[in-house]
Amino acid sequence: MLKDAMRERILLLDGAMGTQLLARGGKAPLELLNVEQADVVGGVHRAYLEAGADVITTNTLCCDSLSLAEYGLSERSYDIALAGARVARAAADDLSQAKPRYVVGSLGPTTRNLTLSTDVGADAVAEAYRTVVRGLIDGGVDAILVESAMDVKNICLAVEQVRTVSADIPVFVSAVLSRIVGRVASGATVEKFLEQLPLDDITAGGFNCTASAANISASVATLCDKSKQATILYPSCDRHSSVKDFTSMLEPLMREHKLNIVGGCCGTTPEHIKALRKVVDRWQPRRANI
């Protein structure tokens with residue numbers, strides 16, 4: 001079980017999906033590849049698993065109906081989510097002989113920020129989230145990852161929809177950090193942000209899509225101080241940073257027992273995950289409410 005594994009060791013998450021698909025000739029919307037070129041998506045999953053990832057994320061970040069509307073594909077949201085979960089599940093199961101591998105379903109922020117949006121209400125966003133969640137769970141994911149989040153209203157609504165579909169599946173939440181140390185992208189402090197989350201329904205909380213070592217360190221420290229949930233962290237790696245720079249930024253947090261799941265976001269590759277594998281195995285996970 002995923003939760004048992006989280007208690008025993010730091011789990012290694014995969015790296016960036018979009019850039020890997022683009023490098024293989026993928027075109028927007030990349031989520032449609034789950035249906036039309038599943039072998040390409042599966043190839044990315046396999047590359048990360050072979051690099052040592054314990055957990056892979058589905059290629060479904062933008063497969064909600066609101067995001068797909070731009071391509072006239074809103075009605076295919078469920079099918080694309082289902083296909084994304086199935087291709088990831090197949091890759092994980094195929095490489096689970098030596099040790100268990102897990103799949104988390106990626107649930108992105110949609111194209112609407114509920115705090116600011118005036119053209120779409122909460123009911124429409126809820127339906128968009130719920131459709132993706134149904135597809136991911138029907139496809140066999142082990143957890144749902146509400147990721148790249150910026151608006152706490154969206155997060156709360158997304159978590160609510162997950163719980164509408166499943167009362168017990170683990171839910172991870174990952175927010176985007178601001179360039180200002182100690183704040184998330186919405187401008188709220190990390191402490192205030194945490195106060196607004198439905199923590200009782202969240203298994204792990206954390207951050208992604210930032211490359212600021214100072215903000216990562218300060219924000220993870222606040223999260224560990226203010227929350228008893230497990231911690232997930234998968235930052236970006238900018239083009240000026242090496243693989244060694246990336247792992248060196250993350251290892252101190254593992255040494256201090258502040259992480260339960262760690263991986264990479266924008267700019268990271270199977271090479272980053274392979275290097276992280278060597279680091280992850282040195283340290284024990286954070287003791288959290290899992």
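Select Val 279, which is buried, with a relative accessible area of 6%; buried means under 20% relative accessible area, exposed over 50%, and partly exposed in between, with a 1.4 Å probe and protein chains only. Val 279 sits in helix α12 (residues 270–280). Helices (H or I, at least four residues) and strands (E, at least two) are DSSP runs, numbered from the N terminus.

This is a predicted model, in which local features need pLDDT of at least 70 and side-chain atom pairs count only at pLDDT 80 or more, while totals for chains, interfaces and linings use all residues. Residues are numbered from 1 along each chain as its sequence is written, and side-chain values use heavy atoms, with hydrogens and water left out.

**Around Val 279**

Thr 247 is 32 residues from Val 279 in sequence, and the two are 7.4 Å apart in space, C-alpha to C-alpha.

What does Leu 107 touch, not counting residues up to four places away in sequence? Its contacts are Tyr 129, Val 132, Val 133, Ile 144, Leu 145, Val 146, Glu 147, Ala 158 and Val 162.

Eight strands form an open sheet with parallel pairing, in the order β1-β8-β7-β6-β5-β4-β3-β2; two strands pair if DSSP finds at least two bridges between them. At the edges are β1 (11–12) and β2 (55–57), each of which pairs on one side only.

Start with β7 (residues 230–234) and β8 (residues 261–262), a parallel pair with two bridges. Leu 233 is opposite Val 262 in β8.

Move to β3 (residues 102–107), which runs parallel to β4 and is joined to it by four bridges. Gly 105 has Ile 144 in β4 as its bridge partner. Seven of the seven residues of β4 are buried, so this strand is largely enclosed by the rest of the structure.

From β4, go on to β5; four bridges join these parallel strands. Leu 145 is the bridge partner of Phe 172 in β5, and Ala 149 stands opposite Ala 175. Why is β5 (residues 171–176) described as largely enclosed? Because six of its six residues are buried. In a regular strand the side chains alternate between the two faces of the sheet. In β5, Val 171, Val 173 and Ala 175 are on one side and Phe 172, Ser 174 and Val 176 on the other, all of them buried.

Select Leu 194, Leu 197, Gly 205, Gly 206 and Leu 223. Of the 15 residues that line the largest cavity, these are the closest to its centre. On a 1 Å grid over the protein atoms alone, a cavity is a set of points where a 1.4 Å probe fits but cannot get out, and a pocket is an open set with protein on both sides within 12 Å along at least five of seven lines; lining residues have an atom within 4 Å of a point. The largest cavity holds about 90 Å³ of space. β5, α9 (190–195) and β6 (204–208) each give two or more residues to its lining, and β6 gives the most, with four.

Now select Met 17, Gly 18, Glu 31, Leu 61 and Glu 147. The largest pocket has about 500 Å³ of space, and of its 31 lining residues these are the closest to its centre. Elements giving two or more residues to this lining are α2 (18–23), α5 (65–68) and β4 (143–149).

For the last stop, select Asn 113, Thr 115, Leu 116, Met 150, Asp 151, Val 152, Ser 186, Ala 188, Phe 193 and Gln 196, which line the second largest pocket. About 150 Å³ of space lies there. A volume is the space filled by probe spheres set on the grid points, which are joined across faces, edges and corners.

Conventions:
Contact = heavy atoms within 4.5 Å.
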